[in-house]
Amino acid sequence: MFEHVQKRHRVFFVYIGGESPLKEKYIDAASELIVYTYFFSASEEVVPEYVTLKEMPAVLVFKDETYFVYDEYEDGDLSSWINRERFQNYLTMDGFLLYELGDTGKLVAIAVIDEKNTSVEHTRLKSIIQEVARDYRDQFHRDFQFGHMDGNDYINTLLMDELKVPTVVVLNTSNQQYFLLDRQIKNAEDMVQFINNVLDGTVDAQGGDSILQRLKRIVFDAKSTIVSIFRSSPLMGCFLFGLPLGVISIMCYGIYTADTDGGYIEERYEGSKSETQSPEPVEESKEKQEPRSGDSLVPAVQEPKDVLEKKKD
């Protein structure tokens with residue numbers, strides 16, 4: 001049964017031993033992470049002869065054609081250890097896998113290459129990453145995940161820049177920081193030195209999730225979306241962006257013209273209102289000036305201005 005499981009699954013966890021507090025923790029972790037990997041329990045007689053256990057009970061992970069034993073003092077919480085170890089040490093990366101690796105808290109060292117390109121530089125970087133992942137696992141497995149990616153399209157969207165191929169980039173998927181090479185990688189020793197420099201902070205981190213970077217990413221994503229739409233289908237792009245702009249323009253024009261007509265109508269209304277109200281006082285003044293039917297007084301005639309002035313003198 002163990003050989004059957006080993007052939008079917010590239011990564012799986014096994015609890016060895018009887019009832020114990022470790023088994024309770026293992027069951028809790030398994031119920032939480034069962035959707036990501038495989039969990040089994042067995043007696044000590046089931047495991048292969050090449051497996052040596054210093055103490056019982058124990059939790060083991062079988063992957064990369066070998067096994068690793070959980071150490072509570074060095075590895076910390078069991079669930080966190082399982083979450084970190086549920087991936088093979090070297091992987092072919094894609095966008096979905098990078099998203100999953102964000103939960104592990106590990107940095108991801110990626111050789112960005114063109115798999116169709118069989119030149120020495122492309123194959124050399126891939127082999128160097130594989131060598132470091134295999135030979136330096138004990139030194140870096142708690143902090144690093146290794147792999148390669150075909151093409152730089154997805155990496156460019158993360159970095160918001162054009163990354164040259166082939167190259168090596170180290171990603172911190174939890175906060176979107178990245179580290180680029182500060183030296184030419186010739187062999188595994190150069191790669192190990194670069195990784196150590198990343199760990200001790202000698203290499204400057206770029207990117208991140210600051211407010212400025214978030215605004216920059218929004219602008220970059222919008223620009224990338226518009227460009228991709230027009231590249232794939234120019235007519236569709238013109239329809240998607242031209243129709244809303246046309247509707248908005250018509251609405252703005254309608255609002256502007258409605259305000260102008262409204263002001264003109266209001267002005268005409270006020271003018272007509274004043275005309276209808278003005279004759280009433282005039283009529284009243286006329287009535288005051290006209291004599292009554294039974295009155296014999298003759299209305300006074302206004303004398304010229306010169307005559308009035310002579311009278312005053």
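In which sense, right-handed or left-handed, does α6 pass α9? Please use that crossing as the way into the helix and the sheet around it.

Reply: Happy to! Please keep in mind that this is a predicted model. To take your question directly, α6 passes α9 in a right-handed crossing. The two helices pack with their axes 9 Å apart and at an angle of about 65°. That makes α6 roughly perpendicular to α9. At the contact, Ile128, Ile129, Glu131 and Val132 of α6 meet a set from α9 made up of Ala188, Met191, Val192 and Ile195.

Now for α6 itself. This helix covers residues 120–135, which is 16 residues. From its first C-alpha to its last it reaches 22 Å, close to the 22 Å expected at 1.5 Å a residue. Its buried residues are His122, Arg124, Leu125, Ile128, Ile129, Val132 and Ala133.

Six strands form an open sheet with mixed pairing, in the order β5-β7-β6-β8-β9-β10. Its edge strands are β5 and β10, each of which pairs on one side only. Both helices lie across this sheet: α6 across β5, β6, β7 and β8, running at about 155° to β6, and α9 across β6, β7, β8 and β9, running at about 120° to β7.

Within the sheet, β6 and β7 pair in the parallel sense over seven bridges, and Ile113 has Asp150 in β7 as its bridge partner. Further along, β8 (residues 167–172) pairs with β9 (residues 177–180) in the antiparallel sense over four bridges. Here Val169 is partnered by Leu180 in β9. These two strands form a hairpin with four residues between them, and Gln176 in the turn has a positive phi of about 65°.

Key. Residues are numbered from 1 along each chain as its sequence is written. This is a predicted model: local features need pLDDT of at least 70, side-chain atom pairs count only at pLDDT 80 or more; totals for chains, interfaces and linings use all residues. Side-chain values use heavy atoms; hydrogens and water are left out. Two strands pair if DSSP finds at least two bridges between them. The expected span of a helix is 1.5 Å times one less than its number of residues. Buried means under 20% relative accessible area, exposed over 50%, partly exposed in between (1.4 Å probe, protein chains only). Axes are lines fitted to C-alpha atoms, for helices over the stretch in contact, and angles run from 0 to 180 degrees between N-to-C directions. Angles under 35 degrees count as roughly parallel, over 145 as roughly antiparallel, 65 to 115 as roughly perpendicular and the rest as oblique. A crossing is left-handed if the near helix is turned anticlockwise from the far one by less than a right angle, and right-handed if clockwise. Contact means heavy atoms within 4.5 Å.
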